[in-house]
Amino acid sequence: MDLIGHAQSDLFLVSFVAYDVSSVVDALNAACSRGIDIRILLETSTSHGGSLSVDPIAMMRRCVPSAALYVWTDRPAPFAEGRVHAKVAVADGSSAFLISAKPRPPRAPRRMIRSAVRR
């Protein structure tokens, strides 16, 4: 949220279902109001080769209409079954945040990779 709030010119996000988090949607719309160029890479729906039953592009387009939206459709081997899993935010080409949480059984320890980078 800090990267979104402090962006000065542009944001690039990678997310599985960012449209489903109201605080993220609100922050993205506020960034759009400040003139920030927003680009988002999303997972695709099952009808387009992805894993989601809803259409994340349509949902995000409704939630953050000013954002440029992208999907990963060209998935050559060994990525044919690949998914947009990592959550990434890059602001102004100089600050980044990356997180990748692995799915887990209810009582298993959480395995997570987290990283923040600033230039």
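Residues are classed here as buried under 20% relative accessible area, exposed over 50%, and partly exposed in between (1.4 Å probe, protein chains only). The structure is a predicted model, in which local features need pLDDT of at least 70 and side-chain atom pairs count only at pLDDT 80 or more, while totals for chains, interfaces and linings use all residues. Residues are numbered from 1 along each chain as its sequence is written, and side-chain values use heavy atoms, with hydrogens and water left out.

The protein chain contains three helices and six strands. Helices (H or I, at least four residues) and strands (E, at least two) are taken as DSSP runs and numbered from the N terminus. Read from the N terminus on, the order of elements is α-β-α-β-α-β-β-β-β. The chain has 119 residues, of which 34% are buried. Its accessible surface, computed by the Shrake-Rupley method with a 1.4 Å probe and, for residues, with only the protein chains shown as cover, comes to about 7500 Å². Carbon and sulfur atoms account for 56% of that surface. A contact is defined by heavy atoms within 4.5 Å. Of the contacts between residues at least 6 apart in sequence, 56% join residues at least 24 apart.

Strand pairing was assigned where DSSP finds at least two bridges between two strands. Strand β1 (residues 10–15) pairs with strand β2 (residues 37–42) in the parallel sense, over six bridges. Within this pairing, Leu-13 has Ile-40 of β2 as its bridge partner. Strand β1 is also joined to strand β4 (residues 87–91), here by four bridges and in the antiparallel sense. Leu-11 stands opposite Ala-91 of β4.

A nonpolar core is a set of buried Ala, Val, Leu, Ile, Met, Phe, Trp, Tyr and Cys residues joined through side-chain atoms within 4.5 Å. The largest such core has 22 residues, and the members that touch the most others are Ile-4, Leu-11, Leu-28, Ile-38, Ile-40, Val-64 and Leu-69. At least two core residues each come from α1 (2–6), β1, α2 (22–33), β2, α3 (56–63) and β4. Helix α2 gives the most, with six residues. Apart from neighbours within four places in sequence, Ile-4 is in contact with Leu-11, Val-24, Ala-27, Leu-28, Ala-31 and Arg-34.

In helix α3, the buried residues are Pro-56, Ile-57 and Met-60. Seen down the axis of α3, these buried residues fall within an arc of 100°, so they line one face of the helix. The arc is that of the directions from the helix axis to the C-beta atoms. The cover over the buried residues of α3 includes β2 and β3 (68–71).

Ala-68 belongs to strand β3 and is partly exposed, with a relative accessible area of 27%. Not counting residues up to four places away in sequence, Ala-68 touches Ile-38, Arg-39 and Ile-40. Ala-68 and Ile-38 are 30 residues apart in sequence, and their C-alpha atoms are 6.2 Å apart in space.

Two further pairs of residues bring separate parts of the sequence into relation. Phe-97 lies in strand β5 (residues 95–101) and is partly exposed, at a relative accessible area of 34%. Leu-3, in helix α1, is buried, with a relative accessible area of 15%. Leu-3 and Phe-97 are 94 residues apart in sequence, with a C-alpha to C-alpha distance of 7.9 Å. For Phe-97 and Asp-2, the separation is 95 residues in sequence and 9.8 Å in space, C-alpha to C-alpha.

Most residues other than glycine have a negative phi. Asp-92 has a positive phi of about 60° although it is not a glycine. At 25% relative accessibility, Asp-92 counts as partly exposed.

Cysteines were examined last. A disulfide is a covalent bond between the sulfur atoms of two cysteines, and is counted here for a pair of cysteine sulfur atoms within 2.5 Å. The count by this rule is zero disulfides. Cys-32 is buried, with a relative accessible area of 16%, whereas Cys-63 is partly exposed, with a relative accessible area of 24%.
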